[in-house]
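Biologist: I have a new model open. Please show me how to read it.

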Amino acid sequence: MKLQTLLIGVCLSSLNAMAAISNKEATMTAFIDENQTQAVQLLEEIVNINSGTMNFAGVKQVADTLIPQFEALGFDVSFEDGSAFDRAGHLVAIKAGGTGPRILLIGHLDTVFEPESTFQHFEKIDDHTARGPGIADMKGGNIIILQTLKALQAAGELKDMNVHVVMTGDEELSGRPLSLSKKALIDSAKWADIALGFENGDGNPKTANISRRGSVGWTLTVKGVPSHSSRVFSDKVGAGAIYEASRVLNTFYNELRSEDLLTFNPGKIIGGTTVTHDQTSNSGTAFGKSNVVAETAIVTGDIRAISETQLKRVKQKMQSIVSDSLPQTHSTITFAEGYPALAPTDGNKALLNLYSKASEDLGLGAVVAVNPLNAGAADVSFTSAHVDMAIDGLGMSGADAHTVNEVGNLRSLASQAKRAALLLYRLKTQE
Ligand SMILES: [Zn+2]
């Protein structure tokens, strides 16, 4: 009896799912299923091209493999050279002049696996799973973008749409300055109303990102008066650099820890009589004797904040804590160029609701927002100041990204493309 009820329930829900999608939408989902083999083949081809961020030729080769695919869909495609910011560059594909909202689709060509890595090849583990460098983060996402657009074309809906696709060549290790390396992305974001990121998110297709915390690095530099240790705390010598550095860190900990969705972490400290600090290699040396008051201390760390407003407030608090120095010491803090936050706006929430509805209508279940504490900064964050709505994490499900065990769920190539195709179609037709 129980089983029978369950079966009837399953039949009804799949009937409901069928009824919930239109004929056009059914054409798109059928196209995606029929072309799954080609999608997996193209994924295998690009996973087998090493495109570690600093392997510029490899990043370009991934772009060269994908460019004809976009051209076949009627896009104007260019590869924007990245020599000004010491990276390979970005693939930019443009289809403009149509009707409906302006939509930006975001991918990236690079991976964290450079040519020296032992992890270089696509390998099928079973019918539905494959391992490979960057398979989920995010070559699978790039393929999902293509499948989505091909499905829209198959339904006759792509030709009058407004779409930009930007696949950056340096998501994993951004070129500097960011003002140059993120320019192509930001230019398209300024044009767009809506941004969709196809990162793997947290690897779970039941979730997507409506917010990502921004991150910014900081460096605390402290100077004290060197002297014999027996003179520490005297009027002339004061506290020394190491006491002052620990005061600053302890006050950060006590006064900023209560901020919602904020983290800040000192990752390195160097202190003593003489220190060296190499920012490029994140390393340094220290010399100091127990009987000498420390002259210098350097601390480096990061801040992860949920919005630009929070980041601004936290920076001001940190500055004011830093300026309150112990006797005969002087501290300064500097903040590096950072990644902006993708704040959880009402627009982003509305876009997620549309996406979730599309997923439910496909019989794939609801999609909820990822806890931003579990989501790092990504390219989509650079669009946040410029678009009305943005979500990310629409890419391939998988696990263990950034490790040699990275796997992708091949079935999710199709299911994620179907969800995105319905979302794009509905954004176009429902406005
Ligand atoms: Zn990624």
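Biologist: How many bridges join strand β9 to β13?

Modeller: First, the ground rules. This is a predicted model, where local features need pLDDT of at least 70, side-chain atom pairs count only at pLDDT 80 or more, and totals for chains, interfaces and linings use all residues. Residues are numbered from 1 along each chain as its sequence is written, and side-chain values use heavy atoms, with hydrogens and water left out.

Modeller: Strands (E, at least two residues) and helices (H or I, at least four) are DSSP runs, numbered from the N terminus. Two strands pair if DSSP finds at least two bridges between them. Here, 10 bridges join β9 (residues 214–223) to β13, and the two run antiparallel. Val216 has Ile303 in β13 as its bridge partner.

Biologist: Which residue in β13 stands opposite Thr263?

Modeller: Arg304 does. Strand β10 (residues 263–272) is joined to β13 by nine bridges, also antiparallel.

Biologist: Why is β13 called largely enclosed?

Modeller: Buried means under 20% relative accessible area, exposed over 50%, partly exposed in between (1.4 Å probe, protein chains only). Eight of the 10 residues of β13 (residues 296–305) are buried, so the rest of the structure largely encloses this strand.

Biologist: How are two packed helices described?

Modeller: By the angle between their axes and the distance between the axes. Axes are lines fitted to C-alpha atoms, for helices over the stretch in contact; angles run from 0 to 180 degrees between N-to-C directions. Helices α3 (residues 36–47) and α4 (residues 56–72) pack at about 155°, with axes 9 Å apart.
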